[in-house]
Amino acid sequence: MPTGIAGSSALLRRRRLARFAPKRRKKEIKVLVQETTWRDWALVALPYLWMLLFFLMPFLIIFKISMSVTEIAIPPYSPIVTFKEGAMQIILHLENYTSIFTDEDGTYLKSYLKSLQVAFFSTLLCLLIGYPIAWALANCKTATRNVLFMLIIMPSWTSFVVRIYAWMTLLKRDGLINDILMVLGIIDEPLHMLQTDFAVYVGIVYCYLPYMVLPLFTALMKVDYTLIEAAYDLGCRPVRTFFSVLVPQTRSGIMAGSMLVFIPALGEYVIPELLGGKGSILIGRILWQEFFNNRDWPLASAVAIVMLTILAIPIVYFLKSQRKARERV
Amino acid sequence: MDVMPETAAAAGGVKNVRRPGELPGQKASPAGQGRNPILQIKSLTKEFGNFTAVDKVDLTVYEGEIFALLGSSGCGKSTLLRMLAGFEQPTSGSIMLDGQNINDLPPYKRTINMMFQSYALFPTMTVRQNIAFGLKQEGMPRARIEERVAKMLKLVHMEDYIDRKPFQLSGGQRQRVALARSLAKEPRLLLLDEPMGALDKKLREQMRLELVDIINSVGVTCLMVTHDQEEAMTMADRIAIMDRGEFVQIGGPREIYENPNCRFSAEFIGSVNIFDCKLVSSNATQSLIETGDFERRIELSHDLDLADGMPLSIALRPEKIYISSQIPEEQTNWCEGIVENIAYLGDISTYYVRLSRGRTVAATLPNVDRFKTGLPTWDDHVYLSWDPESCIALTI
């Protein structure tokens, strides 16, 4: 038999041999390991390298900055590692973190809570609005579905900021919504909508709804609808069937959609700045102020690290539930 | 709430007893006599746009029987089943369960339970939760639910798997759980949608009789849908053959096999040789029939309600044909030909014999003797003969 026609034929031959000589097996496994080329390693290494360069490194840099104190220098913070008289000193400042938690006015804690609150309710609203939309998408004809998809995705072709400005003109005192309500005689006085929390919610829900709808749609497309019939068959009413059969089945979609809304909503800066009132200070604005107005990079970095820690909790939970869902199949 | 034993005695008892002299596949007393009709369907029709899936179907199912809807895919049997379960709304006609019209009752209010072809076990729930699901909806107290779940699992021999999730079970085990779940609510009517569809052949044959035993021991009336004729014949007391949304024939397995009422039904169940014929003459004891497929006339031992010269078909089952190398003197019905092909199937061999006019006829021989010699082989000249009673005259 000519050797080296292809790796697979060589492998086949070895397998055939192994059947008659089991002792060879160990050697064969060794051969298989050796056959893993540098290309295979490169393929696996590439995504790791990407994560290392663009996620882990910046994170470590921010973490390092958060452990220093502000200085009037370039860059505007103290170095962590210094050499003095032949001794290497590593000075880790923790006062940025302590000041976040012990700030007299509680500015930071308040804005964390406020951000969490806004992100949580925005996610909930997106879920409540997005589920029926995703259901409609999953249960309509393909032609209709394509049109509906375009309607959902097309707005994101225009700039995010432009769309938020559009909402400003809609929500303002002499804006379209107030005008219509006045003309219809539903209200006598224009409603104060712009620069309220209401406007912030409108903006966030409007912007992030597609990120909720799409994973929900994917999950709903995978739902085994005979399970719903089975539930009906066993005497389960529609509302209960929704919660006891459909929700568990679309769990992964609900989780993914909620993450995709919650995480960016938590650090959202533009929407609260443009639509929100001056009173409600979210964590995004705190970050902006510390970085650019106060030039306090270390404190700003600490604020960011704390926020990341807050986010890590739901992310870990999400990954765990994903793994569980995979095990079930 | 423990009505099961009583119903089992009342209904299942009737059918469990095999009386001496009763042939398998045929009841001594015709189905329905002295029995309580549970399900009555009257001119039920379902249209999807221009397509009529079920066309003015009438059917009565009696208490305690296993009734099979048999047909090839697309014949409307599944649509009929789904209408009974309440998943499809009939276009017209009525479904009566225990004398009450249930047309407009949603599925969750019907006392009908279904075992789905895919089993449709809830993947996130354990075996226990799956079986308890229907009972919970009734608001049954927890202790009673536990009791019932245990009873159901015992019935299907799955006690050891109570805390498993469906993905940890094999196909056969899933089927048992699905059956337990659909029986847990003690339905008036149990629907089985292709009950063996998801099992491999070996398990399928084993489960058929066990499923019948379980259903009989509970005494539930059962309507099943299948495309597998063997399954229908083994499990059902009565079978309805369906074609293009209509019932072609309804009867016991034996009746349908031995006395098909039309060409479709004869060809659908088992294999059959069909000859296109013309009636020559008919009197009270004998009918003479002429066919274009071979020279001799076919003789029947009864009369036919047909005018002389009318076309008809004669159906002849392969196992009812004798093969011999000499002219069968004692038989009046015979023809000759050459063995063209032999299919050895283990238990039987099927001989394909080409008659002199070109027609091929299938005949089977059981392989009784391991070392028997002298059997006809390829290209042998053979005579095929059969009893006059074996012929089935079909006019449609």
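Modeller: One term before we start: two strands pair if DSSP finds at least two bridges between them. Also, this is a predicted model.

Biologist: Good. How many bridges join strand S15 of chain B to strand S19 of chain B?
Modeller: Three. S15 covers residues 322–324 and S19 covers residues 381–386, and the two run antiparallel.

Biologist: Which residue stands opposite B:Leu384 there?
Modeller: B:Ile323.

Biologist: And what joins strand S16 of chain B to S19(B)?
Modeller: Six bridges. S16 spans residues 333–344 and runs antiparallel to S19(B). In S19(B), B:Tyr383 has B:Glu336 opposite.

Biologist: What order do the strands of this sheet take?
Modeller: The order in chain B is S15-S19-S16-S17-S18. That is an open sheet of five strands, with antiparallel pairing.

Biologist: Which strands stand at the edges?
Modeller: S15 and S18 of chain B, the latter being residues 360–366. Each has a single partner strand, so one side of each is left without a neighbour in the sheet.

Biologist: By how many degrees are neighbouring strands turned against each other?
Modeller: On average 45 degrees, direction ignored.

Biologist: What about strand S17 of chain B and S18(B)?
Modeller: S17 is residues 348–355, and seven bridges join it to S18(B). The two strands run antiparallel. Here B:Tyr351 stands opposite B:Ala363.

Biologist: What holds paired strands together, in general?
Modeller: Strands of a sheet pair through backbone hydrogen bonds.

Biologist: Switching to helices. At what angle do H3(B) and helix H4 of chain B pack?
Modeller: About 125 degrees, with the axes 10 Å apart. H4 is residues 142–155. That angle makes H3(B) oblique to H4(B). The crossing is right-handed.

Biologist: Which residues make that contact?
Modeller: From H3(B), they are B:Arg128, B:Ile131, B:Ala132, B:Leu135 and B:Lys136. From H4(B), they are B:Ile145, B:Arg148, B:Val149 and B:Met152. By class, that contact of H3(B) with H4(B) has six nonpolar, no polar and three charged residues.

Biologist: And helices H5 and H6 of chain B, how do their axes cross?
Modeller: At roughly 20 degrees, coming within 12 Å. H5 is residues 171–184 and H6 is residues 201–218. H5(B) and H6(B) are therefore roughly parallel to each other. Their crossing is right-handed.

Biologist: Which residues of H5(B) meet H6(B)?
Modeller: B:Gly172, B:Gln175, B:Leu179 and B:Leu183. Across from them in H6(B) are B:Leu203, B:Met207, B:Ile214 and B:Val218. This contact of H5(B) with H6(B) has six nonpolar, two polar and no charged residues.

Biologist: New topic. How many residues does each chain put into the contact between chain B and chain A?
Modeller: Chain B gives 19 and chain A gives 14. On the chain B side, strand S6 (112–115) and helix H3 (127–138) each supply at least two residues. H3(B) gives the most to that side, with four residues.

Biologist: What classes of residue are on that side of chain B?
Modeller: There are 11 nonpolar, five polar and three charged residues on the side of chain B that touches chain A.

Biologist: Last one. Which domains does chain B have?
Modeller: The domain assignment gives domain 1 (4–261) and domain 2 (271–394). The C-alpha centres of the two domains of chain B lie 39 Å apart.

How values were computed
Residues are numbered from 1 along each chain as its sequence is written. Chains are lettered from A and ligands numbered from 1 in the order in which they are written. This is a predicted model: local features need pLDDT of at least 70, side-chain atom pairs count only at pLDDT 80 or more; totals for chains, interfaces and linings use all residues. Axes are lines fitted to C-alpha atoms, for helices over the stretch in contact, and angles run from 0 to 180 degrees between N-to-C directions. Angles under 35 degrees count as roughly parallel, over 145 as roughly antiparallel, 65 to 115 as roughly perpendicular and the rest as oblique. A crossing is left-handed if the near helix is turned anticlockwise from the far one by less than a right angle, and right-handed if clockwise. Two residues are in contact if their C-beta atoms, placed from the backbone, lie within 7 Å. Ala, Val, Leu, Ile, Met, Phe, Trp, Tyr, Cys and Pro count as nonpolar, Asp, Glu, Lys and Arg as charged, and the others, Gly among them, as polar. Domain bounds come from an automatic or database domain assignment.
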